[in-house]
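This note sets out some points for a colleague who is examining the coordinates. Please read it with the structure open.

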Amino acid sequence: MNREIIVLGDIEMGGGTLTDDFVADESLARLIKLYSRKAHPVELILNGDTFDFLKCPYIDADGRRSYPRYITAQVSLKKLQDIHLAHRRVFEALQFFLKNEKNKVTFIIGNHDHDLFFKEVQKELKKMITAKKNVSFGLYYRNYGLYAEHGQQYDFLNKINKNKPFITYRRQKILNIPWVALGIISNFLTLKEEHPFLERIFPRPTLFSHHKLVVKKLSWRSLEYLIKSLIYYPIRYINDPTYFIPRTLLRELYRRFKKVHWDVDSIVSVFKRKRKRLMKKNYLHILGHVHEHYVEEGKGDWILLHPDTWRDEYKMDGRTKRVVPKTKKYVQIAVEDNQISSWELKKWPLKQKSYLFNELIKDEISFLKKAAKSENFELIPGRV
Ligand SMILES: [Mn+2]
């Protein structure tokens, strides 16, 4: 083997608050360290949403929390520091991995870490993991017949404007994030704080059928946001670009609202339709974003994969009402003579436990702490 490539995604490390859903620091650090000292070069591709800047609050000098919609480099840098503090182990593992100068890390930019577009954030992150020239950032990775991309570009609600990552508002450079992301920031993160564990449970229809209160809250909040976006915000914030709602979105939003459907649609079908030419040129295609396990081997000699998520996520059994942790996965790829010689979608063992839904909803925060403890994740006092 000349080279090895490891791809994993949707880690979603946050600021250690109620909106942070990553606890598997110990396991992830162990995985990264395992690949740090190989005789051959190893490339680690973190396929988007490595950090959850989107759901991470901005904590000011007085400890006050907010979810600002005007995200300047300063706001993103403070969030990065809080993420660093909460997930030191992962940063240290990356540092250890990069000490071997043959190794490389690529951060693919997803919709939860759009903040990585800021050069200031890239610079600070590189400093935190003492990167030299072996760290890079981008919207996709393409080499040796491997193509990796986060996948938000095939989900039109979360699609980002890749040609215009920033906008100017009141002479400040701010992130140009999608309308839906702004809606989440301004309307739904307080709900996430009220129900921090529920948001980790899938499939959503099973969850909703057992928790009518949350459906009600979610539906009302969505309706309120939609109505305000249509008739109030355009007048109230006439010169504010962050309140602009693209017309094409409205139809889709209306359709989703009718069905209480807020999950991401299959991006695989969109990718296959839109990237035909790309798929002819490459062999292995890896997408993230939807937090699913997916393997498709196509006739034209191509593979399409989703290696699922690394955040603390569960599947609920509608009959037993048992909430079972998902298995964490990564793609291991061997490269020989500049070509993929083999690949495998591997499982990485975790120590998370399963819980009973009816117990869990009585006190979500105590179960949040249990989940953290099962992975030896140390919560920062005062953050949760
Ligand atoms: Mn995503």
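1. The structure is a predicted model. The remarks that follow should be read accordingly.

2. Strand S2 and its burial. Strand S2 covers residues 42-46, and five of its five residues are buried. In a regular strand the side chains alternate between the two faces of the sheet. Here both faces of S2 are covered: on one side lie Val 42, Leu 44 and Leu 46, on the other Glu 43 and Ile 45, all of them buried.

3. The partners of S2. Strand S1 (residues 3-8) runs parallel to S2 and is joined to S2 by five bridges; within this pairing Ile 6 stands opposite Leu 44. S2 also pairs with strand S5 (residues 104-108), again in the parallel sense, over four bridges. In that pairing Leu 46 faces Phe 107 of S5 as the residue opposite.

4. Helix H2. With 14 residues (73-86), H2 spans 20 Å from its first C-alpha to its last, close to the 20 Å expected at 1.5 Å a residue. Its buried residues are Val 75, Ser 76, Lys 79, Leu 80, Asp 82, Ile 83 and Ala 86. Viewed down the axis of H2, these buried residues fall within an arc of 165°, so they line one face of the helix. They pack against strand S3 (58-59) and helix H4 (119-128).

5. In soluble globular proteins, nonpolar side chains tend to be buried together. The largest nonpolar core of this model has 79 residues, and the members touching the most others are Val 7, Ile 45 and Leu 94. Helix H3 (residues 88-99) gives the most to this core, namely six residues. Beyond its neighbours within four places in sequence, Val 7 is in contact with Ile 45, Asn 47, Ala 148, Ile 286, Pro 307, Tyr 330 and Val 331.

6. Two of the contacts of Val 7, Ala 148 and Ile 286, stand opposite each other, with Ile 286 in S12. Strand S8 (residues 146-149) pairs with strand S12 (residues 284-287) in the parallel sense over four bridges.

7. Asp 113. Leaving out residues up to four places away in sequence, Asp 113 touches Asp 49, Thr 50, Phe 51 and Phe 53. Phe 53 is 60 residues away from Asp 113 in sequence, yet their C-alpha atoms are 5.4 Å apart.

8. Thr 17. This residue lies in the loop between S1 and H1. Thr 17 is buried, since 22 other C-beta atoms are within 10 Å and the cut-off for burial is 20 or more. Apart from residues up to four places away in sequence, Thr 17 touches Pro 57, Arg 383 and Val 384. Thr 17 and Glu 193, which are 176 residues apart in sequence, have a C-alpha to C-alpha separation of 8.8 Å.

Definitions and conventions:
Residues are numbered from 1 along each chain as its sequence is written. This is a predicted model: local features need pLDDT of at least 70, side-chain atom pairs count only at pLDDT 80 or more; totals for chains, interfaces and linings use all residues. A residue is buried if 20 or more other C-beta atoms lie within 10 Å of its own, exposed if 12 or fewer, and partly exposed in between; C-beta atoms are placed from the backbone. Two strands pair if DSSP finds at least two bridges between them. The expected span of a helix is 1.5 Å times one less than its number of residues. The arc is that of the directions from the helix axis to the C-beta atoms. Two residues are in contact if their C-beta atoms, placed from the backbone, lie within 7 Å. A nonpolar core is a set of buried Ala, Val, Leu, Ile, Met, Phe, Trp, Tyr and Cys residues joined through C-beta atoms within 7 Å.
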